[in-house]
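New notebook page, new structure. I'm jotting down what I look up as I go.

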Amino acid sequence: MHLTGTARVVPAPESADEIFGPLPSFVDEEAFDPVYLRIDPQFVDVQFVKGVAGWPELHAA
């Protein structure tokens, strides 16, 4: 899926731990401070690949 639109920073959802699991304290030896974005989609494109196991043919482009 490709999605294009305007993004904005939003507060962490109350269910962030349930959705994303425990967050790391460090990434690449630097403190990890997550930022949550909301995208207001203005263009969405979905593509499917034919002949891939697990993708029903009726969804193939």
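Predicted model: local features only at pLDDT ≥ 70, side-chain atom pairs only at ≥ 80, totals over all residues.

Started with V9: buried or exposed? I get a relative accessible area of 61% for V9, and since exposed means over 50%, V9 counts as exposed.

Next I checked where V9 sits, and found it in strand β1, which covers residues 2–10. Leaving aside neighbours within four places in sequence, V9 is in contact with V35, Y36 and L37. I also looked up R38: its C-alpha atom is 6.4 Å from that of V9, though the two residues are 29 apart along the chain.

Y36 got its own entry. I have Y36 at 16% relative accessibility, and it counts as buried because the cut-off is under 20%.

How many aromatic pairs does the structure hold? I found one. Its partners are F20 and Y36, with 5.9 Å centre to centre and 45° between the planes, so I logged the pair as tilted, the class between 30 and 60 degrees. The pair links distant parts of the chain: I placed F20 in helix α1 (residues 16–20) and Y36 in strand β4 (residues 36–45), 16 residues apart.

Last, I zoomed out. Buried residues make up 7% of the 61 residues. For contacts between residues at least 6 apart in sequence, I noted that 67% join residues at least 24 apart. The accessible surface comes to about 5600 Å², and 57% of that belongs to carbon and sulfur atoms.

Technical notes
Residues numbered from 1 in each chain as written. Heavy atoms only, no water. Helix = DSSP H or I, 4+ residues; strand = E, 2+ residues; numbered from the N terminus. Buried < 20%, exposed > 50% of the residue type's maximum accessible area, 1.4 Å probe, protein only. Contact = heavy atoms within 4.5 Å. Phe/Tyr/Trp six-rings, centres within 6.5 Å; stacked < 30°, edge-to-face > 60°. Areas by Shrake-Rupley, 256 points an atom, 1.4 Å probe, with all protein chains shown as cover.
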